[in-house]
Structures are given as structure tokens and as C-alpha cells.
Amino acid sequence: MQTRVSNQLGAIRKKRGVAAADLARQAGVNRQTIYAIEAGSYTPNTEVTLRLARALEVSVEELFSLEPE
């Protein structure tokens, strides 16, 4: 069984006026990784998830959630 992770990264990033390149730099990844996470084609590891949450000043749960099974 594969669990699907949904995210609000793009919506929160845009609402806060943060460029993908700036967020990528703060999280230690490249801009393409930010776009892949936003598109749902890549799920980041724990360290990157925590860095993203810190950079956007939100909780991990605000960024990512498990879709109902």
C-alpha cells in the first residue's frame, strides 16, 4: 500500500511572497526540487521538510499531510 502525501508548499510560498529560488537556497535544495515538491512528484526527506517549514515559519503539518486512505 502506498501512502499519498499532499502538500501546501506552493500555496504557502506564494502567499508569503517567497521566490522558489530563495526557498530552495534556505532549504539546501535546488529550485527544481521545490517545483517537484509543489507538483507532488517528489516527497522530501525529514531534514528538507523541517528546513522548508522553518524557512516559511509554519509547522510541518501546515505544509504536508497524509491523504485519507
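1. Ser-65 sits in strand 2. This is a predicted model, and that holds for every point below. Take Arg-4: 61 residues separate Ser-65 from Arg-4 along the chain. In space, their C-alpha atoms are 8.6 Å apart.

2. Next, the pairing of helix 2 and helix 3. Helix 2 covers residues 20–27 and helix 3 covers residues 31–39. Their axes come within 8 Å and cross at roughly 100°. Angles of 65 to 115 degrees count as roughly perpendicular, so helix 2 and helix 3 are roughly perpendicular to each other.

3. Which residues make the contact between helix 2 and helix 3? From helix 2 come Ala-20, Ala-21, Leu-23 and Ala-24. From helix 3 come Arg-31, Ile-34 and Tyr-35. By class, the contact of helix 2 with helix 3 has six nonpolar residues, no polar ones and one charged.

4. Helix 2 has a buried side. Its buried residues are Ala-20, Leu-23, Ala-24 and Ala-27. They span an arc of only 100° around the axis, so they lie on the same side of helix 2. Cover for the buried residues of helix 2 includes helix 1 (9–15), helix 3 and helix 4 (46–56).

5. Helix 3 can be read in the same way. Thr-33, Ile-34 and Ile-37 are its buried residues. Their arc around the axis is only 105°, which puts them on the same side of helix 3. What covers them includes strand 1 (5–7), helix 1, helix 2, helix 4 and strand 2 (64–66).

6. Gly-28 follows helix 2 and has a positive phi, near 75°. At the start of helix 3, a side-chain oxygen of Asn-30 comes to within 3.2 Å of the backbone nitrogen of Gln-32. Just after helix 3, Gly-40 has a positive phi of about 85°.

7. A polar atom of the Thr-49 side chain lies 2.8 Å from the backbone oxygen of Asn-45. Leaving out residues up to four places away in sequence, Thr-49 touches Pro-44, Val-60, Leu-63 and Phe-64.

8. One backbone angle deserves a look. Glu-57 has a positive phi, near 55°, and Glu-57 is not a glycine. Most residues other than glycine have a negative phi. Where is Glu-57? Glu-57 lies in the loop between helix 4 and helix 5 (60–63). Glu-57 is exposed, at 65% relative accessible area, since exposed means over 50%.

Notes:
Residues numbered from 1 in each chain as written. Predicted model: local features only at pLDDT ≥ 70, side-chain atom pairs only at ≥ 80, totals over all residues. Heavy atoms only, no water. Axes fitted to C-alpha atoms, helices over the stretch in contact; angles between N-to-C directions. Helix = DSSP H or I, 4+ residues; strand = E, 2+ residues; numbered from the N terminus. Parallel < 35°, antiparallel > 145°, perpendicular 65-115°, else oblique. Contact = heavy atoms within 4.5 Å. Nonpolar A, V, L, I, M, F, W, Y, C, P; charged D, E, K, R; others polar. Buried < 20%, exposed > 50% of the residue type's maximum accessible area, 1.4 Å probe, protein only. Arc of directions from axis to C-beta. Polar contact = N/O pair within 3.5 Å; in protein donor to acceptor, adjacent residues only side chain to side chain.
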